[in-house]
Amino acid sequence: MFGSSPNLEALALQGTEFVEEDEETTGQDDGFSKALHEITFSSDDKPKLLSQLTSLLAELGLNIQEAHVFSTTDGYSLDVFVVDGWHNEETEDLRTTLEEKLLPIEKPSLIPRSLSSASEHDQSGSAHESDFVAIPNDGTDVWEIDYRQLKFESKIASGSYGDLFKGTYCSQEVAIKVLKPERLDSDLQKEFAQEVYIMRKVRHRNVVQFIGACTKPPTLCIVTEFMSGGSVYDFLHKQRGVFKMPTLLKVAIDVSKGMNYLHQNNIIHRDLKAPNLLMDENEVVKVADFGVARVKTQSGVMTAETGTYRWMAPEVIEHRPYDHKADIFSFGIVLWELLTGKLPYEYLTPLQAAVGVVQKGLRPTIPKNTHPKLAELLERCWQQEPEMRPDFPEIIEILQQIAKEVNEESERKEKHQSSGGFLSVFRSNHH
């Protein structure tokens with residue numbers, strides 16, 4: 001998507017109309033809508049580029065509402081602006097004007113990109129026929145769901161970008177993740193498209209099963225199988241449960257197998273943590289939530305911070321290039337959570353934890369009575385250097401070996417107790 005041309009490219013230009021805030025927030029209702037445009041430039045990273053682009057937009061009489069700047073590890077820059085103030089609503093007209101203005105900076109090369117708008121209303125307030133969010137398709141899948149066929153039952157969870165509901169689809173129990181229309185900017189649409197693109201290809205016993213999606217704004221949602229057991233996080237922290245050793249190992253093996261499958265398919269999860277591990281009615285644990293997952297590319301790794309600080313690998317916190325080994329670090333933290341039932345670095349803020357992990361080599365404290373092989377696995381998973389961390393096939397092997405030892409040990413104890421019980425009865429009768 002980003003390429004690496006020496007030219008400055010206006011990669012994407014999107015025109016969207018957003019209705020002004022309602023009376024409650026503005027205190028007045030002027031009855032008109034304001035057109036916002038999103039403009040994305042990409043080029044080789046260079047000094048003063050941002051100020052040049054800012055001046056260029058100001059010259060055109062555009063008001064910058066938001067600006068986001070991303071840099072890649074291979075010296076590439078992506079500058080995203082949300083602007084208003086264009087004298088008419090024709091996106092093509094704005095594109096042409098920008099093209100002319102870019103010439104003095106460097107010869108532009110325009111790559112149009114189709115992204116549908118978040119919510120489209122014309123001046124009279126009637127909705128235009130809205131496009132679908134563009135999701136790469138090889139023509140073999142049928143996963144578009146008719147929103148009218150979804151029946152909503154109860155809200156399970158609510159986040160800043162969306163809500164999760166329990167419901168039914170064609171009489172099957174499902175979980176429905178609905179994105180909040182008011183939060184639906186182009187970044188969220190890209191994330192949504194990425195999640196659908198990844199999930200529709202994934203089929204594994206230890207990965208939450210994707211059923212379909214509604215990709216027509218303003219109602220964007222992802223439908224998956226319903227996991228009645230809730231999340232591992234809720235089990236540990238809300239129900240105050242701690243897994244007994246055999247169950248803990250079973251959970252860890254389930255997660256490892258799901259993650260191994262993703263890695264074999266070049267998918268990096270990037271946000272592996274206990275809240276994203278769900279249990280079904282048979283206590284099978286599955287990896288969920290691919291909102292920030294990415295298909296691994298060969299080059300030009302984006303280094304935008306992703307994931308959640310308490311579980312995040314040092315290279316991701318530091319915005320260094322990273323690969324699937326970042327998930328191994330997060331898995332080590334998850335394994336520690338299963339072992340202790342605690343929140344990682346619970347006495348620190350997420351930011352303090354991040355600084356500690358990167359600068360001071362901070363790691364959670366391994367309990368003293370931990371199985372030695374498990375303690376060693378934890379330390380290997382959260383090595384500072386990614387190449388020192390094991391891969392999932394090796395992790396699965398280690399966990400299965402520990403599970404075997406634990407089972408043998410408990411069988412020995414049972415035999416010992418039962419024989420001990422018999423002898424003690426025998427002795428007491430004798431006296």
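Which residues is Arg-389 in contact with, leaving aside its neighbours within four places in sequence? Hello everyone, let's start there, and please keep in mind that this is a predicted model.

Arg-389 sits in the loop that runs between helix 10 (372–381) and helix 11 (392–430). Its contacts are Ala-313, Pro-314, Glu-315, Lys-325, Ala-326, Ile-328, Phe-329, Arg-380, Cys-381, Gln-383 and Gln-384. With a relative accessibility of 2%, Arg-389 counts as buried, because buried means under 20%. A polar atom of the Arg-389 side chain lies 2.8 Å from the backbone oxygen of Gln-383.

The Lys-325 side chain meets that of Asp-391 in a salt bridge, 3.4 Å from N to O. This pair links distant parts of the chain, 66 residues apart: Lys-325 is in helix 8 (residues 325–340), while Asp-391 is in the loop between helix 10 and helix 11.

The whole structure has 14 salt bridges. Among them, Asp-163 pairs with Lys-155 at 3.8 Å, and Lys-155, Asp-163 and Lys-180 form a linked network. Asp-163 is buried, with 14% relative accessible area.

Finally, have a look at helix 6, residues 245–264. After helix 6 comes Asn-266, which has a positive phi, near 60°.

Conventions: Residues are numbered from 1 along each chain as its sequence is written. This is a predicted model: local features need pLDDT of at least 70, side-chain atom pairs count only at pLDDT 80 or more; totals for chains, interfaces and linings use all residues. Side-chain values use heavy atoms; hydrogens and water are left out. Helices (H or I, at least four residues) and strands (E, at least two) are DSSP runs, numbered from the N terminus. The expected span of a helix is 1.5 Å times one less than its number of residues. Buried means under 20% relative accessible area, exposed over 50%, partly exposed in between (1.4 Å probe, protein chains only). Contact means heavy atoms within 4.5 Å. A polar contact is a pair of N or O atoms within 3.5 Å; within protein, one must be able to donate a hydrogen and the other to accept it, and residues adjacent in sequence count only if both atoms are side-chain atoms. A salt bridge is a side-chain nitrogen of Lys or Arg within 4 Å of a carboxyl oxygen of Asp or Glu.
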